[in-house]
Amino acid sequence: NVDASRNYLLGRGILAELANQLVDEQILLFNRHNNVSYCTFAVYDKNKALQCLDNHPIDSGEKFVLGKKQVFSLDWPQLQTCGTVHVCESIIDYLSIKTLEGTSTVGIALLGNQLNGYDLSFLDKPQTLVSCFDNDAGGFSAYLDLQEKYPDKQLDIYELSANHNDINERLLDEQHKRDAARLSAQDKLSIYQAYVRGDNRSELAIQWG
């Protein structure tokens with residue numbers, strides 16, 4: 001039953017269209033380990049061979065990967081011909097980029113901030129790489145690694161403010177601002193009262209952030 005994982009993605013601001021695609025393609029799974037619920041992604045290589053399971057805690061706990069880490073993407077065919085690739089740390093950030101910039105945006109997720117250990121030959125053709133790493137020391141180090149590995153390519157940085165630690169935080173911030181701008185003070189009060197008094201808090205949280 002992947003409903004919990006799908007709701008987790010919606011709560012992180014990911015497009016329902018993308019969440020449904022992951023369910024339909026049996027990429028989005030649900031895992032229960034040591035009494036912790038995980039939103040789990042089946043990670044396949046470009047030959048559609050399963051490599052690992054990337055587990056994100058839904059409520060609390062630590063992320064972990066079961067199997068050998070592999071680059072994640074829904075864009076393997078496009079990676080062979082596109083001019084621009086967004087390079088992300090996590091699958092959540094990769095899905096956030098597609099939510100922010102459109103589902104046709106081409107990208108990858110490294111399942112971390114390390115470039116070593118992967119076959120990245122599919123990045124030889126694109127002329128522009130967009131660094132979408134986290135706004136921290138590890139993300140900056142990964143950006144420098146990308147710069148060193150591809151000195152002849154145009155290397156852009158996806159804009160994050162000082163308040164955003166990663167792409168998903170920017171996505172949620174922009175969505176909340178849009179939602180708040182559409183609501184009157186009475187609307188906001190009504191939503192808050194429904195949240196405090198109601199039994200369906202999770203649905204309200206997903207809908208209104």
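Predicted model: local features only at pLDDT ≥ 70, side-chain atom pairs only at ≥ 80, totals over all residues.
User: Where is Asn 34 found?
Analyst: Happy to start there! Helices (DSSP runs of H or I, at least four residues) and strands (runs of E, at least two) are numbered from the N terminus, and residues are numbered from 1 along each chain as its sequence is written. Asn 34 is found in the loop between strand E1 (28-33) and strand E2 (36-44).

User: Is Asn 34 buried or exposed?
Analyst: Buried means under 20% relative accessible area, exposed means over 50%, and partly exposed lies in between (1.4 Å probe, protein chains only). Asn 34 has a relative accessible area of 64%, so Asn 34 is exposed.

User: What is phi of Asn 35 near?
Analyst: Asn 35 is found in the loop between E1 and E2, and at 66% relative accessibility it counts as exposed. Most residues other than glycine have a negative phi. Asn 35 is a residue other than glycine with a positive phi, near 65°.

User: Which residue with a positive phi follows H1?
Analyst: Within H1, the residues Ser 5, Tyr 8, Leu 9 and Leu 10 are buried. After H1 comes a residue whose phi is positive, near 90°, and that residue is Gly 13.

User: How are H1 and H2 oriented to each other?
Analyst: Axes are lines fitted to C-alpha atoms, for helices over the stretch in contact, and angles run from 0 to 180 degrees between N-to-C directions. The axes of helix H1 (residues 3-11) and helix H2 (residues 16-24) come within 9 Å and cross at roughly 155°. Angles under 35 degrees count as roughly parallel, over 145 as roughly antiparallel, 65 to 115 as roughly perpendicular and the rest as oblique. That is why H1 is, relative to H2, roughly antiparallel.

User: How many nonpolar residues does the contact of H1 with H2 have?
Analyst: Contact means heavy atoms within 4.5 Å, and here Arg 6, Leu 9 and Leu 10 of H1 meet Ala 16, Ala 19, Asn 20 and Leu 22 of H2. Ala, Val, Leu, Ile, Met, Phe, Trp, Tyr, Cys and Pro count as nonpolar, Asp, Glu, Lys and Arg as charged, and the others, Gly among them, as polar. By class, the contact has one charged residue, one polar residue and, for nonpolar residues, five.

User: Which residue forms a salt bridge with Lys 98?
Analyst: A salt bridge is a side-chain nitrogen of Lys or Arg within 4 Å of a carboxyl oxygen of Asp or Glu, and the structure holds three of them. For Lys 98, the closest N and O atoms are 3.0 Å apart, and the partner is Asp 75.

User: How many residues apart are Lys 98 and Asp 75?
Analyst: Lys 98 is buried at 2% relative accessibility, and Asp 75 is buried at 4%. The pair links distant parts of the chain, with Lys 98 in helix H4 (residues 91-101) and Asp 75 in the loop between strand E4 (64-67) and helix H3 (76-79), and their separation in residues is 23.

User: Which residue forms a salt bridge with Arg 170?
Analyst: Arg 170 is buried, with a relative accessible area of 17%. With the closest N and O atoms 2.8 Å apart, the partner of Arg 170 is Glu 174.

User: What is the N to O distance in the salt bridge of Lys 177 and Asp 173?
Analyst: This pair is also four residues apart in helix H6, so about one helical turn separates Lys 177 and Asp 173. Lys 177 is exposed at 55%, whereas Asp 173 is partly exposed at 26%. From N to O, the distance is 3.4 Å.

User: How are H4 and H6 oriented to each other?
Analyst: The axes of H4 and H6 come within 8 Å and cross at roughly 40°. Therefore, the two helices are oblique.

Definitions and conventions. Heavy atoms only, no water.
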